[in-house]
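Please work through each task before reading its solution.

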Amino acid sequence: MKKLHIILMMFVGLQSILLADHHANSQASKDTEEITNTVHKMYEMVNNKKHWTSMISSKGSHEFWSSGGFLNFVKKDADFNEIENNTIRPKDIKIVPVEPGKVAVAMFYAEGSEKQVGRPAVDHYMTRATVVFAKEEGSWKIRAMHWSPMSGGQGTSGVSTEK
């Protein structure tokens, strides 16, 4: 009887572990889908001449831009140059859940062209991107970004939010 009790307890413990693991995998899968959609939405916004500042965390975002400038701290209500033209698209998006349902990292390539009013055009924009997202009030918000040009490509011409 004692052996049966031990076996039963082991079975219940194993079931609990498997259910918890399944829930974490299920949440990570949901995060992957949501954040992939969020990355696509970022580019839909800029390709329609809108900045994605509404997607920045209420706590702001620390960002290294592909122009090669210094680290920028961008507030949610930052004022950027007006977008004249943008055709940049994300490619090969990989999502890494850090804390399922709360924090995740998106890594991808971005390629196209862009032109901001008052800045030189970038005809062959091609970068690697890493974006850290945190879940705030039910949606994924940008907390940090790092962009670096790929060999043969260009980064942006902007180095700060100041005009």
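**Exercise 1.** In this predicted model, determine which residues are linked into a cluster by ring pairs, and classify the pair of tyrosine 43 and tryptophan 52.

*Solution.* Ring pairs join Tyr43, Trp52, Phe108 and Trp147 into a cluster. For tyrosine 43 and tryptophan 52, the ring centres are 5.5 Å apart and the planes stand at 70°. Planes over 60 degrees apart count as edge-to-face, so this pair is edge-to-face. Tyrosine 43 and tryptophan 52 are both buried.

**Exercise 2.** Classify the ring pair of tryptophan 65 and phenylalanine 80, and state where each residue lies in the chain.

*Solution.* The ring centres of tryptophan 65 and phenylalanine 80 are 5.9 Å apart, with the planes at 50°, so the pair is tilted. Tryptophan 65 lies in the loop between strand S1 (61–64) and strand S2 (72–74). Phenylalanine 80 lies in the loop between S2 and strand S3 (83–86), and the two residues are 15 residues apart. Buried means under 20% relative accessible area. Tryptophan 65, at 12%, is therefore buried, and phenylalanine 80, at 18%, also counts as buried.

**Exercise 3.** Describe how strand S6 pairs with strand S5 and with strand S7.

*Solution.* S5 (residues 103–116) and S6 (residues 122–136) pair in the antiparallel sense over 11 bridges, with valine 103 opposite alanine 134. Their hairpin has 5 residues between the strands, and glycine 118 in the turn has a positive phi of about 85°. S6 and S7 (residues 139–149) run antiparallel, joined by 10 bridges; glutamate 136 has serine 139 in S7 as its bridge partner. This hairpin has 2 residues between its strands, and glutamate 137 in the turn has a positive phi of about 50°.

Key. Residues are numbered from 1 along each chain as its sequence is written. This is a predicted model: local features need pLDDT of at least 70, side-chain atom pairs count only at pLDDT 80 or more; totals for chains, interfaces and linings use all residues. Side-chain values use heavy atoms; hydrogens and water are left out. Rings of Phe, Tyr and Trp (its six-membered ring) pair if their centres lie within 6.5 Å; planes under 30 degrees apart count as stacked, over 60 as edge-to-face and the rest as tilted. Buried means under 20% relative accessible area, exposed over 50%, partly exposed in between (1.4 Å probe, protein chains only). Helices (H or I, at least four residues) and strands (E, at least two) are DSSP runs, numbered from the N terminus. Two strands pair if DSSP finds at least two bridges between them.
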